[in-house]
Amino acid sequence: MQNDSSPFGLRGFLIDAPVFGALRGRPNGAVVVDKGKIVEIGDYDDLRRLRPNSIQWLDRRGAAIFPGLIDCHTHLPQYSVVARGESELLPWLRQHVFPVEREFTGPKARAETPLFFQELVRNGTTSVVAYAAIYEDSCDIAFEAARQYGIRAIIGKMMMDLGSYGQLQPKKVLSISLLESERLCRKWHRAEDGRLEYAFSPRFAVTCSEKLMRGAAELAARLEAYLQTHLAENREELEKVHHLYMSARDYTHVYEKCGMLTPRTVLGHCIHLNPREVAAIAAAQSTVAHCPSSNLFLGSGLMKLDQLLKAGINVGLGSDVAGGPELNMWQVMRAAIEVQKARSAYEPNLRPLRPSEAFYLATTGGARSLGKAKIVGTLDPGKEADLTIVDLAALLPYPNPEALAELVPNDVVALCIYRGAPHANLETYVRGKCIYQSRNVMNTV
C-alpha cells in the first residue's frame with residue numbers, strides 16, 4: 001500500500017470528464033504522483049522512458065484509473081436503516097430515521113462511525129458531505145473517524161429546533177444547537193491541512209425556526225464554512241413549509257430571507273422548484289446535490305436536471321443514505337440516468353442522461369459544487385491525487401481479455417455505472433495516499 005511521500009507512478013486506463021458529456025481516455029496511460037499531487041500524465045511507455053528507475057511503478061493494467069468519486073449528500077447515522085420502510089418522506093422520517101438518529105450518540109456512534117467511513121472508501125468515494133446527528137459528540141466522532149481513514153470530508157451536526165428528537169427543552173435547543181455547531185466548526189474546519197471542513201446543517205424548514213436558520217447562516221459566513229440543508233424534496237414537505245412560512249413567496253424564499261443561499265450552500269434534492277426558485281439559486285451561486293436513488297426509493301419525484309444545468313447551477317450527486325439504499329456512487333449514477341429516462345417517457349423532447357454525463361456529475365460536477373474544481377475532479381497535473389481504481393475484469397460477465405482490450409472510454413464508464421460495486425474497487429487514494437486497497441493487488445510493474 002502506497003502510504004509514504006515518495007513519488008510513484010500508476011499504469012492503467014486513465015479516464016476523466018473535464019467537460020459535461022466528454023470523456024478523456026488513455027488506454028495505456030500513466031499518472032505520476034509526488035507529494036500528494038498529480039505531476040504528470042501521459043502514455044505509460046513515454047513516461048517510463050523519461051523516468052526509468054527514478055520512481056516506483058504500480059501496474060494496474062486491466063483496471064481503470066478515475067478521479068475519486070464525490071458524494072455531495074449523505075447521513076452518517078442512518079446507514080443502519082437503509083432499505084427500511086415503504087412510506088414517503090415525512091412519515092418515513094418519523095418512523096425510521098428519527099428513532100435511529102436519537103440513539104446515535106456515545107458508544108453507538110463510536111461503534112458505527114468507523115464502519116461507515118470504511119464503506120465509503122471501499123466504494124471508491126474520496127470526498128463526502130455528511131450530516132451527523134443532533135448531538136455534538138456524534139459529529140466530533142465523525143470527524144475523528146474521517147481523520148483516521150484519510151477521506152476528504154465536509155461534516156456538520158444536524159440542527160433542529162422544531163419537533164426535534166432530542167431531550168432538551170424547546171427554549172434551550174436553539175441556543176445550544178448554535179453554540180455546539182460553532183464549537184465544532186472552530187475545532188474542525190480546515191483541519192488536516194484543509195482535508196476536513198465544517199458545514200452548518202439546518203435540516204430543513206419544517207424542523208428549523210427562522211432564528212436557527214439565520215443564526216446558522218451568520219455563523220457560516222463569519223467562519224467561512226459551508227451550509228447544507230434540504231429543499232423541495234417532497235410535495236407534502238412543500239405544503240408544510242407553506243403553512244409554516246405564509247409570508248414567503250415559495251420554499252426557496254424562506255432560505256433567501258434567512259441568508260442561507262450562498263456560494264458555499266449545498267442544497268439537497270431540489271425536485272419541486274418553480275422557475276423563480278431556480279433563478280434565485282443560480283443568482284446566489286448555491287449548488288445542488290442530486291440524490292436520485294433516494295428520490296426513487298421514497299417516491300419523492302423526478303428532478304428536472306436539464307433545467308438546473310441550463311440555469312448554470314452546479315450539480316453533484318449524493319447517495320443520501322438512508323433514503324438511498326447504498327454508498328455506491330456508481331449506482332447513484334445509474335439512478336440519475338434512470339430518473340431522466342423516466343422523464344423522457346412523458347417528455348418527448350427530453351434527451352436522456354448519458355453515462356458520460358452521469359460520471360461527470362459524480363466527479364467534476366461534485367468538485368465544482370463544493371468549490372474544489374481547482375484541486376480535484378479530473379486527472380490534470382497540479383491537482384491533488386484523489387483516485388479510484390477499478391478492476392474491469394471483475395465487471396465482465398465472463399473472463400475475456402480480448403473484450404477488455406476492445407473497450408473504449410464510454411464502454412468502460414457504462415460498465416462501471418451498470419455493474420460497479422465494491423468487489424471491483426482495487427484502490428482508493430486521497431492526496432496520493434492509498435486509503436483503501438483490496439487484498440490481491442500487485443504493487444510493481
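In this predicted model, the side chains of Lys108 and Glu112 meet in a salt bridge, with N and O 2.7 Å apart. A search of the whole structure finds 31 salt bridges.

**Salt bridges within a helix**

- Lys108 and Glu112 both belong to helix α3, which covers residues 106-122. The two residues are four residues apart, about one turn of the helix.
- Lys108 is partly exposed, with a relative accessible area of 25%. Glu112 is also partly exposed, at 23%.
- Asp46 and Arg49 form a salt bridge through their side chains, at 2.5 Å from N to O.
- Both Asp46 and Arg49 sit in helix α1 (residues 44-50), three residues apart, which is about one turn of the helix.
- Arg49 has a relative accessible area of 60% and counts as exposed, because the cut-off for exposed is over 50%. Asp46, with 37%, is partly exposed.

**A salt bridge between distant parts of the chain**

- Glu384 and Arg431 form a salt bridge in which the closest N and O atoms are 3.0 Å apart.
- This pair links distant parts of the chain, the two residues being 47 residues apart. Arg431 is in the loop between β15 (425-430) and β16 (433-437). Glu384 is in the loop between α15 (364-369) and β14 (387-391).
- Salt bridges with shared partners join Arg431 and Glu384 with Arg152 and Asp386 into one network.
- Glu384 has a relative accessible area of 14% and is therefore buried, since buried means under 20%. Arg431, at 22%, is partly exposed.

**Crossing of α3 and α4**

- The axis of α3 comes within 9 Å of the axis of helix α4 (residues 136-149), and the two cross at roughly 35°.
- The crossing of these two helices is right-handed.
- On the α3 side, the residues that meet α4 are Gly106, Ala109, Arg110, Thr113, Pro114, Phe117 and Gln118.
- On the α4 side, the residues that meet α3 are Asp137, Ser138, Ile141, Ala142, Ala145, Ala146 and Tyr149.

**Helix α13**

- Helix α13 has 18 residues (329-346). At 1.5 Å a residue, these should span 26 Å, and the end C-alpha atoms are 27 Å apart, so the two values agree.
- At the start of α13, the backbone nitrogen of Trp330 has a side-chain oxygen of Asn328 within 3.0 Å.
- Buried residues of α13 include Met329, Trp330, Gln331, Val332 and Met333. Ala335, Ala336, Ile337, Val339, Gln340 and Arg343 are also among the buried residues of this helix.

- Ser294 is part of helix α11, residues 292-297.
- Ser294 has a relative accessible area of 0% and is buried.
- With neighbours within four places in sequence left aside, Ser294 is in contact with Glu233, His269, Ser319, Asp320, Gly323 and Gly324.
- His189 lies 105 residues from Ser294 along the chain, and the C-alpha atoms of the two are separated by 28 Å.

How values were computed:
Residues numbered from 1 in each chain as written. Predicted model: local features only at pLDDT ≥ 70, side-chain atom pairs only at ≥ 80, totals over all residues. Heavy atoms only, no water. Salt bridge = Lys/Arg side-chain N within 4 Å of Asp/Glu carboxyl O. Buried < 20%, exposed > 50% of the residue type's maximum accessible area, 1.4 Å probe, protein only. Expected span 1.5 Å × (residues − 1). Polar contact = N/O pair within 3.5 Å; in protein donor to acceptor, adjacent residues only side chain to side chain. Contact = heavy atoms within 4.5 Å. Axes fitted to C-alpha atoms, helices over the stretch in contact; angles between N-to-C directions. Left-handed = near helix turned anticlockwise from the far one by under 90°.
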